[in-house]
Amino acid sequence: MHASALAKVNLGPGCNKVISCGHGFCGHPDGGPGKALKGVDRRPASMQEAGDRKRKVCRALSASGKTMAVATETASMVATDRNRTPKVSITAVIPAHKRHPLGASWHEVMSHVADRLTWEDPDFKVQIFTEEALVVDGSHSKFSDAVQSAQIMLILDIQQPAKLDLLLGSMRIVPTAIALGSHPQLEAATSLDNITLTTPWEKAAAALPWSSSAKGSKVLQSVRQVYKRQTSDDLLFMLLVLIDAYITEVPLVKSMQAQDLSTIWKMGTKCGKQILACVRDPECKAALDCLTSCASNDQVCSFRCIVSYESQLLEDFSLCILQKNNCLGLSADIPIRPRVLPMTHFQGQPLTHHQAEDLFIGWLGKKKWSWRVVAGQNVAYDQFPCQYQLYYRGKAKNSLWYDPVFQVITLDGKAVWRRRHYRVRRAEVPGTFHFSVLDNGVISKEFWRIVHVTEDLSWGLFYYAGAASVVGQAYRGAVLVTPDGKWPAADQEDALEDALKKCGIKRWELYKVDNSSSAAAPLTVPEGPMKTVEPEMV
């Protein structure tokens, strides 16, 4: 939009005016910087609410004398109210031509993250705009509408904005507006629930743990920390953190921290022995301190702490407080979206349960392992170095076990091997399986699908979704496996793309596993019993 452009504001009968605006959203309705319209519901659920909102906007504009370019029309508002209003409305502004660190364009990455957000709730919507498109005829009007209805606004990686005033003005309208990796003035304009956190008063208020400023400071710190990791999982988690904090509860990011005296009392009375043993041991205490430093339900941070400091004392602590007594009162279910189907045929014949188990067992016998992981999709669990998969049959009829063996570079720089022990049970459809594991005192349940395995066993793709209910964590992921840990041959690229598409995964989301240092991996298949999930805990 040119500096002399005029914006038509149609707010209903008796409130139509033409206003001059040099930079789009160049003024604020109530005349105060960093504030939004008081009492305006950004999710009109009825025509009456929409009319109330228009009248409030009109009064605010008339009283303030400020100017603001708005591109909403009565007809468009009527059309919006005839349709289902999203529970969550997010507007994102991204660069047009810059590539994301994952290798894809920013638009492709954010579009995919927006799709993944609907897996959590179909009513979570993101509208995406490139900064360059805001000056194109038609796009500015759509952007204006999007800003007016948004509950959250994100400005990502806009370091040299051509429309700085437009973006700043837009941020003042949306209750929660955050700029990350962007121009300093945009980042300084960040606000959470209309609190900017930059004034001396708000900075002082942030020191009071019960204040809105303290909450905002904690949320902003978490969001910035997660954004720096620059993965699609973390971008999604960032959106969910903001939604949970300021719009509606998201069980996936519910805090694991003890919040009240009753929780602390329950922990002390039920598990006092285990608590004392852990806090008196330097290694176990270091694990607790590390977990406390993680943002609420940050699975990447939490799992790094666990694999770095795991010990019997930590397992006893978690088993008592979390698994046996669920002192935090959390729960989580295995995600059901996206709907990923297993392969149905192998070597021209319908896949059977026994044959599907054979595909998991893979190369074991000819090699010391079933498969080696080449790449994975989940940023928390699939990117460790030197990953081996061991699938083997048990003594009981149709019993199958899975032991992943992987290397961890601990937080203090040591290279150590870790191993887990899963019970694997057939699900109803061949190629689908129920997995369960006791991992450092907490049970995780997972639903796995064999999405693709080539007829010569040269590569496979396994998809999983799981939940550790008592810590309120749910997750998804997939692993690309081959017999030698090397990427599949070039002539398999099309088949790999098709398999990833069935899982809702983009090629650029995969994290390649470093298989360069695999000496001394503990790959022995157990002959006797190993610690596993007790039946009463499942």
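How far apart are the sulfur atoms of the disulfide that C278 and C284 form? In this predicted model, in which local features need pLDDT of at least 70, side-chain atom pairs count only at pLDDT 80 or more, and totals for chains, interfaces and linings use all residues, the sulfur atoms of C278 and C284 lie 1.9 Å apart. Residues are numbered from 1 along each chain as its sequence is written, and side-chain values use heavy atoms, with hydrogens and water left out.

With a disulfide taken as a pair of cysteine sulfur atoms within 2.5 Å, a search of the whole structure returns 4 disulfides. The link of C278 and C284 is left-handed, with -90° about the S-S bond. On the scale of relative accessible area used here, buried means under 20%, exposed means over 50%, and partly exposed covers what is in between, as computed with a 1.4 Å probe on protein chains only; C278 is buried at 0%, and C284 is likewise buried at 0%.

A further disulfide is formed by C271 and C320, whose sulfur atoms are 2.0 Å apart. The torsion about the S-S bond of C271 and C320 is about -90°, so this disulfide is left-handed. Helices (H or I, at least four residues) and strands (E, at least two) are DSSP runs, numbered from the N terminus. C271 and C320 form a disulfide, and because C271 lies in helix α10 (residues 261-280) and C320 in helix α13 (residues 312-324), the pair ties together parts that are 49 residues apart in sequence. Both C271 and C320 are buried. The sulfur of C327 has its closest cysteine sulfur in C271, but the distance of 4.8 Å is too far for a bond; C327 counts as buried, at 5% relative accessibility.

C290 is joined to C305 by a disulfide with an S to S distance of 2.0 Å, and this link is left-handed, with -70° about the S-S bond. C290 lies in helix α11 (residues 282-293) and C305 in helix α12 (residues 299-309), so the pair ties together parts that are 15 residues apart in sequence. C290 and C305 are both buried.

Side chains of opposite charge can pair when their charged atoms come close. Where a salt bridge is defined as a side-chain nitrogen of Lys or Arg within 4 Å of a carboxyl oxygen of Asp or Glu, the count comes to 18 salt bridges. One of them links D233 with R116, the closest N and O atoms being 2.8 Å apart. As D233 lies in helix α9 (residues 232-246) and R116 in helix α3 (residues 106-120), the pair ties together parts that are 117 residues apart in sequence. Both D233 and R116 are buried.

A salt bridge also connects the side chains of R419 and D403, at 2.9 Å from N to O. R419 lies in strand β12 (residues 415-419) and D403 in strand β11 (residues 400-409), so the pair ties together parts that are 16 residues apart in sequence. R419 is partly exposed, with a relative accessible area of 23%, whereas D403 is buried, with a value of 0%.

In the salt bridge of E493 with R507, the closest N and O atoms are 2.4 Å apart. E493 belongs to helix α15 (residues 493-502) and R507 to the loop between α15 and β18 (511-512), so the pair ties together parts that are 14 residues apart in sequence. E493 is partly exposed, with a relative accessible area of 22%, and R507 is partly exposed, with 30%. Elsewhere, salt bridges that share partners join E310, R418, R420 and D439 into one network.
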